[in-house]
Amino acid sequence: MLQNYYARLIKTYCFIYGEKTYKKIFKLHQITKLSSVFLLVAAAVIFTFLCELSESIFVAFLILFCISLFLPDFSAMRKSKKKKESLIYGLADYMDRSAILLDSGMPLWSAIAVTAYNSDPKEPFASEMISAVNSFSGKEGYFYRPEE
């Protein structure tokens, strides 16, 4: 069960940050999570030795422990959901602008490239399309046809 959760978390980070950079960000995420858990446990031990630890304080530490363990994961999953929604809405906008260029007589691959480069790179779908166009474009800006 824990392996499934860990695998889902890795897929989430890969989806959010891309295949090239998700490993570094995921390691940073794990280090941050472990350090916050360590600090919480250290605070619980210090409070235990300095004063009597009542049940309500122990329950509060237990709740904080669970929150610090899973809150970063839930925020990553929420960010993944937002990105999925923006990709869906970005596709409709991208297709609309590409269709306008195609109606004006521009070739398909040129319309895809122009629409990608004229989009806001901060938008998830636009950044994905810019990445796709860059991966298919050759030297000196020549855009390969699908047959090639």
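Are Tyr-13 and Phe-26 buried or exposed? In this predicted model, Tyr-13 is buried, and Phe-26 is buried as well.

**Figure 1. Aromatic pairs and the ring cluster.** Four aromatic pairs are found when the whole structure is searched. Tyr-6, Tyr-13, Tyr-17 and Phe-26 are joined into a cluster by ring pairs.

**Figure 2. The pair of Tyr-6 and Phe-26.** Among the four aromatic pairs of the structure, that of Tyr-6 and Phe-26 has ring centres 5.5 Å apart and planes at 65 degrees, so the arrangement is edge-to-face. Because Tyr-6 belongs to helix α1 (residues 2–17) and Phe-26 to helix α2 (residues 22–50), the contact ties together parts that are 20 residues apart in sequence. Tyr-6 has a relative accessibility of 40% and therefore counts as partly exposed. For Phe-26, the value is 6%, so this residue counts as buried.

**Figure 3. The pair of Tyr-13 and Phe-26.** The ring centres of Tyr-13 and Phe-26 are separated by 5.4 Å, and their planes meet at 70 degrees; the pair is therefore edge-to-face. Since Tyr-13 is located in helix α1 and Phe-26 in helix α2, this pair ties together parts that are 13 residues apart in sequence. Both Tyr-13 and Phe-26 are buried.

**Figure 4. Lysine residues over the ring of Phe-15.** Lys-83 is placed over the face of Phe-15, 5.1 Å from the ring centre. Lys-84 also lies over the face of Phe-15, at 5.8 Å from the ring centre.

Terms used. Residues numbered from 1 in each chain as written. Predicted model: local features only at pLDDT ≥ 70, side-chain atom pairs only at ≥ 80, totals over all residues. Heavy atoms only, no water. Phe/Tyr/Trp six-rings, centres within 6.5 Å; stacked < 30°, edge-to-face > 60°. Helix = DSSP H or I, 4+ residues; strand = E, 2+ residues; numbered from the N terminus. Buried < 20%, exposed > 50% of the residue type's maximum accessible area, 1.4 Å probe, protein only. Lys NZ or Arg CZ within 6 Å of the ring centre and 35° of its normal.
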